[in-house]
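Here is a short briefing on a few local features of one model. Keep the sequence and the 3D view open as you read.

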Amino acid sequence: MSQGLAGYVIRRLLWTVPVIFLISVFVFLLLRLAPQDPIDSLLGQRYDDEIADRLRAKYGYDRPLHIQYLKYVQNLFQGDLGVSTRHGDFSVAEVVIPKIRVSAGMNIMAMILIFGIGVPIGVYAALVRGSFLDPLVIGFWLLVDAVPVFITAVVAPWFFALQLGWVDLTYEGVIHPNIILPVFVMALPGVAGVARLMRASVIQVSSEDYVRTARAKGLRERTVVTSHVVRNALLPMVTVVGLSLPGLFTGTLFVELLFGIPGIGREALLAVLGFDFDVVLGLVLFGSILFVLANILIDIAYGFIDPRIRITAARSV
C-alpha cells in the first residue's frame, strides 16, 4: 500500500469514530424514548408495578438517559454489549454470534452463486448485443427477479421437497445438502442486477481505445475479451461486492422463517418486537461498523486495481 493511500485510509478510519458515535447516540435515544420498554414486553399480562420497578432498577432503566448511555459506552469499551432480557440475561454476544454465523454462512454461499452466475451471463449478453439472445437472457433473469422472495420461499419447498422429493427441509447446519434450496431461493433474485451491471460495464469498456488497439494488433477475440474487456469491466463489481459484505452478516427474514433456519434475521425481528434494547443496539452498531469498513475496503481495493487512484491519493497528502 502506497504512503498516500495509507494516509487516506487512516483518515477514513478516524472519521468512523464520530460516525459510529452519532449512530449509537441516535439509536440509543430512539430506543429509550419508545413508549414501551423491555420490562413491559417481558412481563406482558403478568405486569406488576413492584416487579417492574425492581427489574428496571436491575437493568438500569430507572436512571437518567445520559447515565444509561455513559454506562453502556463504558461496558462497550470492555467488550460487553449488554444482556438480552428476552433470553434470561444471556449476553448479547452469546445470543447473536451463533445466529450471525448461520446467516453469514448462507449469505456467503448465496453471494458466490449470485456473482458466479450473474457475471458470466452479463458478459454473454454484452457479447451477443443486437441479437435476440441479449433481451431473452436478461429478460429471463428479470422475470426471476420480479418474483418476491416470500413467494419463492413457499413454492420452492412445495415443488422440490413435497412433490419431487429431491431435498429434505430439515435444517441440519449450514454445511449440509439440505441448505441448498434456501441458498438458491436467496441467490436467484440477485442474479439479474449483477448481470445487467456487468453487461453495461462490458459494453462501456468495449468502446475504449485500448480495446480497439488490441483488436487492431491482431489479437484473438478471446484474448481481447478476457484480458482487456472482462478484466476492466469487473472494476465496478468491486463496489457491488464491497457494499454486499455487510449484508452477509444479516439474515433473510422470510427464508429463515419459512425454512426454520435459526438465523439473525428472525432474531432481529423478535428483538425489535420485544423491545430487547441491547440486542437491537448491538445489531445496529455491528451493521454500521461493517458498512463503514466495507467502504474503506472498497477504496483500498480500487487503489490496488487502478493506479490512478493511488496517484490521486498521494497528491492529496
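Phe275 is partly exposed, with a relative accessible area of 22%. Partly exposed lies between buried (under 20% relative accessible area) and exposed (over 50%), using a 1.4 Å probe and protein chains only. This is a predicted model: local features need pLDDT of at least 70, side-chain atom pairs count only at pLDDT 80 or more, and totals for chains, interfaces and linings use all residues. Residues are numbered from 1 along each chain as its sequence is written, and side-chain values use heavy atoms, leaving out hydrogens and water.

**The loop**
- Phe275 sits in the loop between α13 (264-273) and α14 (277-305). Helices here are DSSP runs (H or I, at least four residues), numbered from the N terminus.
- Its phi is near 50°, a positive value in a residue other than glycine.
- Most residues other than glycine have a negative phi.

**Helix α10**
- The buried residues of α10 are Val224, Val225, Val229, Val230 and Ala233.
- They line one face of the helix, because they fall within an arc of 130° seen down its axis. The arc is that of the directions from the helix axis to the C-beta atoms.
- Their cover includes α5 (92-127), α8 (180-206), α9 (209-216) and α11 (235-244).

**α8 and α11**
- In α8, Val194, Leu197, Met198 and Ser201 meet Pro236, Met237 and Val240 of α11. Contact means heavy atoms within 4.5 Å.
- The axes of α8 and α11 come within 9 Å and cross at roughly 155°. Axes are lines fitted to C-alpha atoms over the stretch in contact, with angles from 0 to 180 degrees between N-to-C directions.
- So α8 is roughly antiparallel to α11 (an angle over 145 degrees).

How values were computed. Helices (H or I, at least four residues) and strands (E, at least two) are DSSP runs, numbered from the N terminus. Angles under 35 degrees count as roughly parallel, over 145 as roughly antiparallel, 65 to 115 as roughly perpendicular and the rest as oblique.
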